[in-house]
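Welcome, and please open your viewer so that we can walk through this model together. Each stop below gives you something to select and a note on what is there.

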Amino acid sequence: MLNSAGITESLGYVFRDKSLLEEALTHKSYYHENRETASSHNERLEFLGDAVIGLIIVEYLYLLEKQYPESVLAKVKSYLVSEMVLAEIAASLSLGKYLLLGKGEESTGGRDKKSILANALESLIGAVYLDSDYERTKSIVLDFFKGRIDSAIQSGEFFDYKTELQEKTQLLYGTLPEYRVIRQQGEEHKRVFTVAVYLNGKKLGIASGRRKKEAETLAAQKALGKIS
């Protein structure tokens, strides 16, 4: 029998139709092994949830005060609906322990598989949408994603500032910018890079990031502010 109290609390939503929640948490492996008791599995809800999450994220990005180009919005959206991010959110809800899995999936660590977790989160959102309405579903989805959206935008890694800076410096000065790592701090898995960007020996921008590429991108953004 499905124990849904924990996931209901984590989700912040109580289902009126409990059968939708059970369907959302039923993996096809469980359904195929228990056809006499399981009425369906979650793949159809997964299909719906994928579309609902995508729409809510795209709407949020489109309505941001700063109007970003479509190329940036597409990259941010693609990152946010990736298996990695969806699985992270599912894990934060401890979604894996509530899933109904077949014996095969259970024995091979299915509760921790990223693909299964990501699909289950989509199914759960699809179920919430059918059980409530768009606005309630949007509130739940943005609770999960808003911080990640804002962090993705602020990181600058989805913006091609380096190419923009290169094109501007070539046009205005006939030369290319140079990036130098001026400091590395922290342990290997928590390292922070500080990068400065120079033009003709003059420092135009300096920034830090968890990855060298991120630091270079942010430094390029600062440099653009000085030569624009």
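**First stop: a charged pair**

Select Glu106, which counts as partly exposed at 38% relative accessibility; partly exposed is the range between buried (under 20% relative accessible area) and exposed (over 50%), with a 1.4 Å probe and protein chains only. A salt bridge here is a side-chain nitrogen of Lys or Arg within 4 Å of a carboxyl oxygen of Asp or Glu. Arg111 is also partly exposed, at 23% relative accessibility.

Before we move on, a word on the model: it is predicted, with residues numbered from 1 along each chain as its sequence is written, and side-chain values use heavy atoms, leaving out hydrogens and water. Local features need pLDDT of at least 70, side-chain atom pairs count only at pLDDT 80 or more, and totals for chains, interfaces and linings use all residues.

**Colour by confidence**

Colour the chain by pLDDT, the predictor's confidence in each residue, from 0 to 100. The mean for the protein is 92, and 98% of its residues reach 70 or more. Helices (H or I, at least four residues) and strands (E, at least two) are DSSP runs, numbered from the N terminus.

How many salt bridges does a search of the whole structure find? It finds eight. For one of them, select Glu59 and Lys138, whose closest N and O atoms are 3.4 Å apart. This pair links distant parts of the chain, with Glu59 in helix 4 (residues 43-62) and Lys138 in helix 9 (residues 134-155), 79 residues apart. Glu59 is partly exposed, at 26% relative accessibility.

Next, select Arg180 and Glu178, whose side chains meet in a salt bridge at 3.1 Å, N to O. Here Arg180 has 35% relative accessibility and counts as partly exposed, as does Glu178 at 39%. Elsewhere, salt bridges that share partners join Glu59, Glu135 and Lys138 into one network.

**Domains and core**

Colour domain 1 (4-155) and domain 2 (161-225) separately; such bounds come from an automatic or database domain assignment. Their C-alpha centres lie 37 Å apart.

Now show Phe15, Phe144 and Phe145: of the 63 residues in the largest nonpolar core, these touch the most other members. A nonpolar core is a set of buried Ala, Val, Leu, Ile, Met, Phe, Trp, Tyr and Cys residues joined through side-chain atoms within 4.5 Å. Helix 8 gives the most to this core, with nine residues. Because domain 1 and domain 2 both give residues to this core, it lies between them.

**Two loops to finish**

Select Ser94, in the loop between helix 6 (83-92) and helix 7 (103-107). Its phi is near 55 degrees, a positive value in a residue other than glycine. Most residues other than glycine have a negative phi. Ser94 is partly exposed, at 35% relative accessibility.

Last, go to Asn200, in the loop between strand 2 (192-199) and strand 3 (202-209). Is Asn200 buried or exposed? At 62% relative accessibility, Asn200 counts as exposed. The phi of Asn200 is near 55 degrees, again a positive value in a residue other than glycine.
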